[in-house]
Amino acid sequence: VNPQIESKSKSFPFLSRLRCLFSRLAQRLGWQRLALALSSQEVPPWQRMPPVWKHLTQVPSMVSAEEMQMLYWVARDCYTGVGTIVDGGPFLGGSTGPLCLGLQDNRRASGKAGVVHSYDLFLYDNIFYGPFFQAMGEELAEGDSFLHLYERLMNPFQDALQVHAGDFCVLPYEAGPIEILFVDLAKSWELNAAVVSKFFRHLIPGKSLVIHQDYLHFGEFWLVITMWFYRNYFKYLGRVDQGNSVLFAYTRKIPDELLEVDLKALPLEEKKAAFEDALKRFAGWQRTELLVGYARMFLEEKDEESAEAVVRRIPPEAVNHPISQASLQWIPKAMLPSIGQHSAVAA
Ligand SMILES: C[S@@+](CC[C@H](N)C(=O)[O-])C[C@H]1O[C@@H](n2cnc3c(N)ncnc32)[C@H](O)[C@@H]1O
């Protein structure tokens with residue numbers, strides 16, 4: 001409590017009542033708390049909290065320490081208890097842990113049992129997973145299930161957690177309204193369509209928060225197209241500094257028929273509009289990430305000329321940035337000399 005306000009409240013009962021009203025209102029807020037905190041130009045609230053990862057040192061995570069902070073904060077301070085918390089793609093629990101810890105520390109939500117629903121294949125089908133298992137001293141062969149490891153690591157949260165193992169293209173979602181939706185499994189157009197069709201229809205207008213872990217990753221460029229396509233139903237809230245996560249508030253109900261639109265088949269003009277719109281919002285390596293995704297979208301459309309025109313817009317300094325360097329490896333080698341040539345062409 002600000003001592004100045006405190007002393008004024010004592011002498012002015014009106015101020016005291018106003019404060020009381022304000023704090024009751026704050027109790028009712030969900031994602032609006034985040035919007036308020038971010039609009040005040042301060043650092044995001046999760047950056048001001050003690051480190052959450054310290055409670056989860058046993059859990060190998062693909063999300064950044066800041067993303068863990070953000071997930072914890074969202075579950076603790078934004079979640080109001082009117083729906084489920086969905087962890088779409090927890091791997092070994094790097095996202096489930098902070099969500100469950102935040103829920104544990106949430107003083108508003110009652111009835112926390114079984115609130116967090118996690119969806120994952122839990123299959124070792126990607127060579128990049130190897131080091132995470134090695135860090136745990138586990139030897140897995142390709143094709144093995146790691147569900148038992150996830151269950152072991154998440155054992156402290158078993159009361160809050162309901163685990164759904166399998167291909168999300170096939171699994172149903174049957175747990176009712178979703179208040180917090182964390183998406184880290186939209187790794188293909190098909191999975192993205194499943195996320196839209198199965199999860200988006202259960203979002204609560206004016207209440208739900210959607211976190212797209214891969215929005216600022218070139219590899220999942222369909223997320224930029226998706227959130228642009230549904231732009232009238234979401235409000236951009238912000239992003240983490242370290243990591244690829246972007247947060248959106250769900251503001252208006254999406255008509256059912258729009259949830260089945262084949263976004264991959266959208267006209268190229270619309271896909272371009274999506275990227276041009278998103279680019280206005282981001283700078284630095286995040287902008288480069290969008291540009292690499294933009295170029296890859298054109299490559300998927302077999303439009304190499306437009307892809308190269310986008311590569312020209314990548315700033316020359318990107319080749320020295322560690323995140324951008326890794327992403328630029330996914331641009332055809334022959335196009336790399338075009339980086340930074342945009343102004344030369346314009347001149
Ligand atoms: C980037 S990892 C998630 C990282 C995790 N959120 C963390 O905090 O460490 C993506 C996850 O998506 C899951 N996944 C990929 N394809 C899937 C599918 N078809 N159905 C369900 N889950 C899938 C993978 O098994 C993997 O655990």
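The largest cavity of this predicted model is lined by Y215, L216, H217, F218, F221, V224, F275, E289, L290 and G293. A cavity is a set of points, on a 1 Å grid over the protein atoms alone, where a 1.4 Å probe fits but cannot get out, and lining residues have an atom within 4 Å of a point. The search of the whole structure finds 1 cavity of 30 Å³ or more, and the space in the largest cavity comes to about 30 Å³; a volume here is the space filled by probe spheres set on the points, which are joined across faces, edges and corners. Helix α11 (residues 284–300) gives the most to this lining, with 3 residues. Helices (H or I, at least four residues) and strands (E, at least two) are DSSP runs, numbered from the N terminus. By class, the cavity lining holds 7 nonpolar, 2 polar and 1 charged residues, where Ala, Val, Leu, Ile, Met, Phe, Trp, Tyr, Cys and Pro count as nonpolar, Asp, Glu, Lys and Arg as charged, and the others, Gly among them, as polar.

Turning to the largest pocket, its volume is about 1500 Å³. A pocket is an open set of grid points with protein on both sides within 12 Å along at least five of seven lines. Its lining counts 48 residues, and M62, N126, K187, D214 and E220 lie nearest the centre. The top contributor is α13, with 4 residues. The pocket lining is made up of 23 nonpolar, 15 polar and 10 charged residues.

The ligand takes up the space of the largest pocket, a placement that requires more than half of its atoms to lie within 2 Å of the grid points. Around the ligand are 19 residues, of which M62, G89, D120, D167 and D184 come nearest; a residue is counted if one of its heavy atoms lies within 4 Å. This shell has 10 nonpolar, 5 polar and 4 charged residues. Among the polar contacts (pairs of N or O atoms within 3.5 Å), a polar side-chain atom of D120 is 2.5 Å from a ligand oxygen atom, and a backbone N or O atom of L121 is 3.0 Å from a ligand nitrogen atom. Taken alone the ligand exposes 600 Å², and the protein buries 92% of that (Shrake-Rupley method, 1.4 Å probe).

Residues are numbered from 1 along each chain as its sequence is written. Local features need pLDDT of at least 70 and side-chain atom pairs pLDDT 80 or more, while totals for chains, interfaces and linings use all residues, and side-chain values use heavy atoms, without hydrogens and water.

Key: A polar contact is a pair of N or O atoms within 3.5 Å; within protein, one must be able to donate a hydrogen and the other to accept it, and residues adjacent in sequence count only if both atoms are side-chain atoms.
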